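Have the model open while you read, and take the points in order.

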Amino acid sequence: MENQQFYQNQLVADATTAERSTFYKHTYGHVAGGVLVFVLIESLMLQSEGLVRFMLSLTSGYLWLILLGGFMGITWVAQKMAYESISKSKQYLGYFLYIIAEALIFVPMLYIALYYGGTYVIKQAAVVTGGLFVGLSAIVFLTKADFSVLRGALTIGFFLAIGLVIAGMLFGFNLGLWFSVAMCALAGGAILYNTHQLKYEFGTQQYVAAALSLFASLMLLFWYILRIFMSRD
């Protein structure tokens with residue numbers, strides 16, 4: 001039984017072509033499903049005036065840092081559930097928990113985008129984000145290049161970004177357009193890395209965890225592309 005379970009959840013890199021294809025279909029299907037659930041939850045949240053006012057109240061000073069800390073904590077819990085649990089229900093619960101966390105943290109920015117630019121700006125950012133995600137994913141699958149070398153640069157980049165965000169909040173300076181551009185590049189690198197590592201970090205039955213990994217990078221890219229579009233107005 002243990003050998004059979006191991007075989008069913010073997011690394012994608014060691015799986016047959018058919019098993020690998022099924023894994024990718026499930027993974028990207030769950031990414032698409034995650035986006036749909038995010039849109040539905042976000043729409044409901046934005047209709048709640050009380051929730052919107054509360055989230056807007058957390059966007060300044062130390063409160064924003066507390067919100068970011070809470071988001072990172074929920075992310076850790078959600079990833080632990082999705083990555084380490086054998087139970088599919090717990091994996092889905094972790095993924096759903098992460099989607100809710102993303103929807104909450106997006107409330108202030110999407111509300112501001114809707115108030116000043118309407119749905120047009122959001123749709124533009126969504127189209128560009130989707131196009132970049134598809135294009136970057138295609139590069140990985142078509143070129144067969146080794147993007148695992150990005151790991152060190154991504155780790156350093158994310159720590160620097162967190163430090164700059166904290167410093168900006170504490171000392172009251174605006175990180176500006178170029179920071180958003182740099183973060184888009186960082187998110188794009190994360191998509192390249194995560195897509196490449198699908199074969200080497202996940203078993204054939206871990207498509208929920210794989211989808212969460214890609215969804216997180218996709219939402220990071222959307223966040224900063226939306227910021228860039230909003231800065232034009």
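This is a predicted model: local features need pLDDT of at least 70, side-chain atom pairs count only at pLDDT 80 or more; totals for chains, interfaces and linings use all residues.

1. By class, the second largest pocket has a lining of 12 nonpolar, five polar and two charged residues. Here Ala, Val, Leu, Ile, Met, Phe, Trp, Tyr, Cys and Pro count as nonpolar, Asp, Glu, Lys and Arg as charged, and the others, Gly among them, as polar.

2. Residues are numbered from 1 along each chain as its sequence is written, and side-chain values use heavy atoms, with hydrogens and water left out.

3. Back to the second largest pocket, which holds about 470 Å³ of space; that volume is the space filled by probe spheres set on the points, and grid points are joined across faces, edges and corners. Its lining has 19 residues, with Phe-38, Val-39, Ile-122, Ala-126 and Phe-222 nearest the centre. Two or more lining residues come from each of α2, α5 and α8, and α5 gives the most, with nine. Helices are DSSP runs (H or I, at least four residues), numbered from the N terminus.

4. Next, look at the largest nonpolar core, where Phe-23, Ile-105, Phe-106 and Leu-226 touch the most other members out of 65 residues. Such a core is a set of buried Ala, Val, Leu, Ile, Met, Phe, Trp, Tyr and Cys residues joined through side-chain atoms within 4.5 Å. α8 gives the largest share of this core, 18 residues. Leaving out residues up to four places away in sequence, Leu-226 touches Met-109, Leu-110, Ala-113, Val-121, Ile-122 and Ala-125; contact means heavy atoms within 4.5 Å.

5. Thr-129 is a residue of helix α5. Is Thr-129 buried or exposed? Thr-129 is buried, at 3% relative accessibility (buried is under 20% relative accessible area, exposed over 50%, partly exposed in between, with a 1.4 Å probe and protein chains only). Neighbours within four places in sequence aside, Thr-129 is in contact with Leu-218, Leu-221, Phe-222 and Ile-225.

6. The structure has 14 aromatic pairs. Rings of Phe, Tyr and Trp (its six-membered ring) pair if their centres lie within 6.5 Å; planes under 30 degrees apart count as stacked, over 60 as edge-to-face and the rest as tilted. Phe-106 and Trp-223 have ring centres 4.9 Å apart and planes at 75°, so the pair is edge-to-face. Phe-106 belongs to helix α5 and Trp-223 to helix α8, so this pair ties together parts 117 residues apart in sequence. Phe-106 is buried at 0% relative accessibility, and Trp-223 is buried at 14%.

7. Tyr-115 and Tyr-116 also form an edge-to-face pair, because their ring centres are 5.0 Å apart and their planes are at 80°. Tyr-115 is exposed, with a relative accessible area of 58%, and Tyr-116 is exposed at 67%. Elsewhere, ring pairs join Phe-23, Tyr-24, Tyr-28, Phe-133 and Phe-141 into a cluster.

8. Finally, visit Lys-144 in the loop between α5 and α6. Its phi is near 60°, a positive value in a residue other than glycine, and Lys-144 is exposed, with a relative accessible area of 66%.

Technical notes: On a 1 Å grid over the protein atoms alone, a cavity is a set of points where a 1.4 Å probe fits but cannot get out, and a pocket is an open set with protein on both sides within 12 Å along at least five of seven lines; lining residues have an atom within 4 Å of a point.
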